[in-house]
Amino acid sequence: MGDLHEDRPPPDWAGDVSLGVDAWTQRAEPASGSPAAPPTPPAPPAPAAPPDPVADGPEADAESVARTILLDQLTGRARSRKELADKLAAKLVPDEIATRLLDRFEEVGLVDDEAFARAWVAARGPGEHATGRRLAPRALAQELRRKGVDDTLVKEVLEDVDPDDEEQSARVLVRKKLRSVARVDDTTATRRLVGMLARKGYGSSLAFSVVREELAASDRGSADDPADDPADD
């Protein structure tokens, strides 16, 4: 048997590994006059991707999704029921699920329009500890109604606003603006300051009274030429 192998001519790729690899993988071109190499068989199909239990699992439960939306919305500050209902509707939560969850959130105290309204007034309304824009009750009522708070509840909450606090807050706002009218005459200053208070919901009677007294008590100096007046606030 050994003699038969010794009489066999060496392959063309002997001594050249690259040619040997080509021969075994059928990448080499056939020599001139040599029969064509058989076609390369198709590659086996790629193995299927391993199963993904998350992607292949059931769709998220609509009620669980809605509950997460509500909790996210309530993180940081209270919201009215209408605000939350609008958010659920925007996320295409079915009405039946939204109503059921909002009712449940009210039962446990997470949704409370009265508490929301009182917190809103405390933060933005008149008062010594107000941290927001110090709006008058009329402006606060408009904001609360836009947020879906019942009109009866709005009136009840705003009845607790002390008139003295409202007047004091108006004075604070006027004093902050006195510098901006330091170079105009009293008539122009009065018009601008009363207009500023009106935009924040203060009634005209209170506004004119406060502005007149604060201008009289201020040391604004002599008014300059009205042509130099700054733009109205």
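Predicted model: local features only at pLDDT ≥ 70, side-chain atom pairs only at ≥ 80, totals over all residues.
Residues are numbered from 1 along each chain as its sequence is written, and side-chain values use heavy atoms, with hydrogens and water left out.

Helix α9 spans residues 163–177 and helix α10 residues 186–199; the two pack at an angle of about 135 degrees, with their axes 10 Å apart. Axes are lines fitted to C-alpha atoms, for helices over the stretch in contact, and angles between N-to-C directions run from 0 to 180 degrees. The crossing of α9 with α10 is right-handed, the near helix being turned clockwise from the far one by less than a right angle. On the α9 side, A170, L173, V174 and K177 meet L193, M196 and L197 of α10, contact being defined as heavy atoms within 4.5 Å. By class, this contact has six nonpolar, no polar and one charged residues; Ala, Val, Leu, Ile, Met, Phe, Trp, Tyr, Cys and Pro count as nonpolar, Asp, Glu, Lys and Arg as charged, and the others, Gly among them, as polar.

Helix α3 (residues 62–74) and helix α4 (residues 81–90) cross at roughly 135 degrees, and their axes come within 10 Å. The pair α3 and α4 is therefore oblique. Contact joins A66, I69, L70, Q73 and L74 in α3 to L84, K87 and L88 in α4, and the residues involved divide into six nonpolar, one polar and one charged. The crossing of α3 with α4 is right-handed.

One aromatic pair is counted, on the criterion that ring centres of Phe, Tyr and Trp (its six-membered ring) lie within 6.5 Å. F116 and W120 form this pair, with 5.7 Å centre to centre and 40 degrees between the planes, a tilted arrangement; planes under 30 degrees apart count as stacked and over 60 as edge-to-face. Both residues lie in helix α6 (residues 113–124), four residues apart, about one turn of the helix. F116 and W120 are both buried, that is, under 20% relative accessible area with a 1.4 Å probe, protein chains only.

Across the chain there are eleven helices and zero strands, assigned as DSSP runs of at least four residues (H or I) and at least two (E), respectively, and numbered from the N terminus. Buried residues make up 30% of the 233 residues. Among contacts in the chain with a separation of 6 or more, 61% join residues 24 or more positions apart.

Notes
Buried < 20%, exposed > 50% of the residue type's maximum accessible area, 1.4 Å probe, protein only. Parallel < 35°, antiparallel > 145°, perpendicular 65-115°, else oblique.
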